[in-house]
Amino acid sequence: MSQTSFTIEQFYKYLTEGKLMAGKCTRCGKIHLPPRPLCDNCFNNQFEWTEISGKGKLVTYTVIHIAPQQFQAMAPYAVGIVQLENGLKIPGMISGVAPEQMRIGMELAIDFGACSTAQPWPQWPRYCFKPL
Amino acid sequence: MVGKPLVSIVSAGLSKFGKREGLYARELFAEAFKEALDRCPRLEPKRDIKAMFVGHMGEAYEHQGHTGAAAADWTGLLNIPATRTEAACASSGAALRSGVYAVLSGLADVVLVGGVEKMTHRTTAEVTEYLAMASDYPFEQWHGITFPGLFALMAKAHMHQYGTTEAQLAAVAVKNHYHGTLNPKAQMQKEITVETVLASRIVASPLKLYDCSLITDGASCAILTKPELARRFTDQPVHIIGSGQASDTIGLYERQSLTSLSAAKLAAKIAYEMAAVTPDDIDVAEVHDCFTSAEIIAYEDLGFCKAGEGGKLAESGETRLGGRLPVNTSGGLKAKGHPVGATGTAQAYEIYLQLTGQAERRQVKDAKLGLTHNVGGSGATAAVHIYRSETQ
Ligand SMILES: [Zn+2]
C-alpha cells in the first residue's frame, strides 16, 4: 500500500515526475483516473497506484477561439478528449498539430514537457497531448 | 390514461429578457413575480405563499449570494422559508423540482418557484469564466476548456458519428430566431438565415457565434399548489404530471457517450413514466438549446426522433411553429435569451402560456401536453417536466 493519498493533488505531483498515475481499487479492481478517495463502484477506500500508458486516440476535439482571461494569449488553441490504451478518457490541450490536420481517431501521446517547468504547488502542471 | 396531476401551476411570470441595464437581479425577480400576481388576482401572496425556491447560478456576477432570502425580501414575502437552488443552467429546473417536493410533502400548500440571473454588465471574458465554473475545475477548466468548448466537443462527436452538419445546427438557430420575433419578451427580435449562422465567427469549432445562446438578464417564476386547491386560485390551472431529475459525472470526459446526455435521457424516462405519456403525445416543448447542437441532442434524448436523426429533424421544419411538434416557441435560450438561473422556470412559463391559450402570436393550436427539458453544465444535471392543460 502506497503512503501517498489518492488525491487529485497527488495525481498532478506525479505528472511533474513524468508519470501518469491512476488509483486501482483493491477490492473490485476498478481503475480511477484521476484517483478518488472512494471507489464509486464498490465504496472501498483502499487503492494502489498504477501507472497508465499515456498513448491513446483522439475521441473528439474543438478549437477554442473565445477564451477566459487567463487563456486569451493562447487562443485559438485545441483541446480534446483522449481515450487511453486502457480505455479510460482524459481531456487536455493538443499541440503540435494544425487544426486542419486534426482528426478523430488520430493517435496521440501525453507530453509532460511543460510539467517540469510548472510553477510550484498549488499551480498544477499542465500536460498536453501531441501526435505520436 | 394520462397520469394524475402531481402539482398544479396557478400562475407564472417572466421579466423582459435582454440587456437590462441598471437593474439588480432582485429587481428583475420582483418584475417577474408582479406578473404572476397580476395573472392570479385571487392569490393573496402574504397569506397563501408558504415557501419559495429560487434558482441562481453565479454570485460572481453581482457579488451577491444568498439569493433565496434576497428574493423573498424584495418580493415582500418575508418571513417564509426561502432557499436558493443551484444546479448551473438547471438551477431553476431544480427550483421547480424542489417546489414539487415541497407541495407533495404536505409542508407547503402554495410554493413560489423561480430563478434569476443578471449577466450583461460583465465582459464576455468574465461571463465565459463564470459559466465555466459549472464544469469540472481540475481537468476541464484547468486545461482551458470553456463552456462552449464542452458543447463543441459533443457537437464534433455527433457530427463524426452521425454525419450531422453545420447547416443542420444552423437550422435550429434560424427556427428559434423566428420564434423569438413572435415573443415580445425575447432578447433577439430579428430573423436570421442559415448563411448568417455559418458566416459568424468561431467560438469553439464547430460552434459559431450564432450557434450559441445569449448572455442575458432576466427572471422567471411560477406558483405551484396542490391540484385539489388549484381551482381556488384560478379557473385555468396547468398540471405537472411528470417530473424527472437526474445527475451525471461533473466531467464530460468520464462519460460513456459524448453524443447524448444520459442524465437527460434518465430524467425524461422518469417523467414520461410518471405522466404515462410517450414522446408522440407531446404537443409543444421547451428544450435546453444553450447551443444549437444541444437542441439536436435534446430531440434524440427526449425521444422526438431516433439517435442520430436530430439534425434531420431540425432541418425538416417539424419543430417549427406550425409543424408536428413545435420546439422552443419562446425563442429558446438562443433567441429569448439565457439568464442561466432563470431558464428552467422560464421554460415552464412558456408551457404555462401555451397550455392556457395565452401564447398569442406563437400559440400552438390545441396544445394540451407540454414538456420542458433543462440542462445544467455539460449535462451533469437534467430536469424534465411534463405538463397538461386543465381541458386534457
Ligand atoms: Zn471498488
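1. Contact between the chains. In this predicted model, 34 residues of chain A touch 31 residues of chain B. The two chains bury about 2,900 Å² between them, with 67% of that on carbon and sulfur atoms. On the chain A side, the residues that lose the most area to chain B are Ile66(A), Lys89(A) and Trp124(A), which together account for 20% of what that side buries.

2. Polar links. You will find one salt bridge between chain A and chain B: the side chains of Arg36(A) and Glu254(B) meet at 3.5 Å, N to O. Across the same interface, 14 residue pairs are in polar contact, both residues being at pLDDT 80 or more.

3. What chain A brings. The largest share, six residues, comes from β4(A). By type, this side of chain A divides into 23 nonpolar, eight polar and three charged residues.

4. The zinc ion. Its protein donors are the SG atoms of Cys25(A), Cys28(A), Cys39(A) and Cys42(A), at 2.3 to 2.4 Å. Along the chain they follow the spacing C-x2-C-x10-C-x2-C. Cys28(A) sits in the loop between β1 (21-25) and β2 (31-32) of chain A, and Cys42(A) in the loop between β2 and β3 (47-51) of chain A, so this pair ties together parts 14 residues apart in sequence.

5. Geometry at the metal. Why is the arrangement around the zinc ion tetrahedral? Because the four donor atoms subtend angles of 99 to 117°.

Definitions and conventions:
Residues numbered from 1 in each chain as written. Chains lettered and ligands numbered in written order. Predicted model: local features only at pLDDT ≥ 70, side-chain atom pairs only at ≥ 80, totals over all residues. Heavy atoms only, no water. Contact = heavy atoms within 4.5 Å. Buried area = accessible area lost by both parts, 1.4 Å probe. Salt bridge = Lys/Arg side-chain N within 4 Å of Asp/Glu carboxyl O. Polar contact = N/O pair within 3.5 Å; in protein donor to acceptor, adjacent residues only side chain to side chain. Helix = DSSP H or I, 4+ residues; strand = E, 2+ residues; numbered from the N terminus. Nonpolar A, V, L, I, M, F, W, Y, C, P; charged D, E, K, R; others polar. Donors = N, O, S within 2.8 Å, 3.2 Å for Na, K, Ca; no water. Tetrahedral: all angles 85-135°; square planar, octahedral: opposite > 155°, others 65-115°.
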